[in-house]
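Dear colleague,

I am passing on the structure we spoke about, with the sequence alongside. Please open it first, and then read the notes that follow.

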Amino acid sequence: MQVYGLVGNPVGHSLSPPMHEAAYDELGLDARYVTFEPDPDALAAALRGADALGIRGLNVTIPFKRDALELVEPDALAARIGAVNTVDLSGAEATGHNTDAAGAIRALRDHDVALDGADAVVVGAGGAGRAVAFGLSDAGASVSVANRTVVTARDLADEVPGAAGHDLVALPDLLADADVLVNATSVGMEEDASPVPAEALHGDLAVLDAVYRPLETRLLRDAREAGARTVDGAWMLLYQGVEAFERWTGERAPVDVMNETLRSRL
Ligand code: NAP
């Protein structure tokens, strides 16, 4: 039996185990997906132990995504983003990857959102914001980053080719001519709030919210009412998992089954 898993703290509410195990069942793979909650200072020992036990791959989440970068050989994208969310332990050397970027890009493309040449606005410059900004830029979009802490937005923009960093108050101006908006802040998760003024949204926008609990955030509701195309955060969660699954197993992921399983639990 192959073992895969998730390392984070806490991981109790993770949707990754049912999503990945539904895929193993669908393809008849003898595999399991297990969650692990090491102490915050025990990531190195956890990764060594996982490797020694023959665990083939691990997802990594809060608070370990940045630390993992130092403990495995990151690929170029994970190094640029500065965070690893997927570790491949199948080779001689543990390698680190970031599937959040591809997760966001595949979520948008799956909804027929054209990215090459698009004007894209990313709200948030934490882990998700960094992944989305690099992903959009690599997909050919021109990227503006807006963040509550403006210096973080500017620092990120300095690293993303052609990008600019802004304060949140710039959002109405930035969005006036934009094609794509991604919320990569946690706003909307705890409360019925949006990081973007509803009046700044319009019908020519495609809006992805990385937040997936709730599925329809205030931002997505406002966007729908403004006539924008909306993509909820479960699509990004789905495709980051699909990318990890395909990397680890070498099999084409049963996307529909994974999607149904995920949505049945949200
Ligand atoms: P993070 O690194 O902690 O970054 C949090 C971001 O949210 C920062 O930009 C922060 O701004 C901003 N923020 C927090 N509270 C705010 C507020 N009250 N007003 C304005 N901005 C605020 O977190 P993360 O890992 O990037 O995750 C961000 C969100 O994305 C979470 O909801 C997470 O669940 C979601 N996510 C979803 C997926 C998916 O697959 N769907 C994947 C990854 C993350 P400051 O810099 O000013 O603090």
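How do the residues of the lining of the second largest pocket divide into nonpolar, polar and charged? Please keep in mind throughout that this is a predicted model. For the lining of that second largest pocket, the division comes to five nonpolar residues, six polar and one charged. The pocket holds about 240 Å³ of space, and its lining is made up of Gly124, Ala125, Gly126, Asn147, Arg148, Thr149, Leu168, Ala184, Thr185, Ser186, Val187 and Pro195.

The largest pocket has a volume of about 1,300 Å³. It is lined by 38 residues, of which Thr61, Ile62, Lys65, Met189 and Tyr212 are the closest to its centre. Strand S3 (57–60), helix H3 (65–71), helix H6 (127–138) and helix H10 (233–249) are the elements that each give two or more residues to this lining, and H10 gives the most, with four residues. By residue type, the lining of the largest pocket divides into 19 nonpolar, 14 polar and five charged residues.

The domains come next. The chain is divided into domain 1, which covers 2–98 + 236–264, and domain 2, which covers 101–231. The C-alpha centres of domain 1 and domain 2 lie 25 Å apart, and 15 residues of domain 1 are in contact with 18 residues of domain 2. The lining of the largest pocket draws on both, with at least three residues from each of domain 1 and domain 2.

The axes of helix H1 (residues 16–27) and helix H11 (residues 255–264) come within 8 Å and cross at roughly 145°, and the crossing of H1 and H11 is right-handed. On the H1 side the contact is made by Pro18, Met19, Ala22, Ala23 and Glu26, and on the H11 side by Val257, Met258, Thr261 and Leu262. The residues of this contact between H1 and H11 divide into seven nonpolar, one polar and one charged.

Finally, there are some points about the backbone. Most residues other than glycine have a negative phi, and most peptide bonds are trans. Against that background, a cis peptide bond joins Asn9 and Pro10, with omega at about 10°, and Pro10 is found in the loop between strand S1 (2–7) and H1. The peptide bond from Arg213 to Pro214 is also cis, with omega near 5°, and Pro214 has its place in the loop between strand S11 (206–209) and helix H9 (218–225). Asp112, a residue other than glycine, has a positive phi, near 60°, and this residue lies in the loop between helix H5 (99–110) and strand S7 (119–123).

With best wishes

Definitions and conventions: Residues are numbered from 1 along each chain as its sequence is written. This is a predicted model: local features need pLDDT of at least 70, side-chain atom pairs count only at pLDDT 80 or more; totals for chains, interfaces and linings use all residues. Side-chain values use heavy atoms; hydrogens and water are left out. On a 1 Å grid over the protein atoms alone, a cavity is a set of points where a 1.4 Å probe fits but cannot get out, and a pocket is an open set with protein on both sides within 12 Å along at least five of seven lines; lining residues have an atom within 4 Å of a point. Grid points are joined across faces, edges and corners, and a volume is the space filled by probe spheres set on the points. Ala, Val, Leu, Ile, Met, Phe, Trp, Tyr, Cys and Pro count as nonpolar, Asp, Glu, Lys and Arg as charged, and the others, Gly among them, as polar. Domain bounds come from an automatic or database domain assignment. Axes are lines fitted to C-alpha atoms, for helices over the stretch in contact, and angles run from 0 to 180 degrees between N-to-C directions. A crossing is left-handed if the near helix is turned anticlockwise from the far one by less than a right angle, and right-handed if clockwise. Contact means heavy atoms within 4.5 Å.
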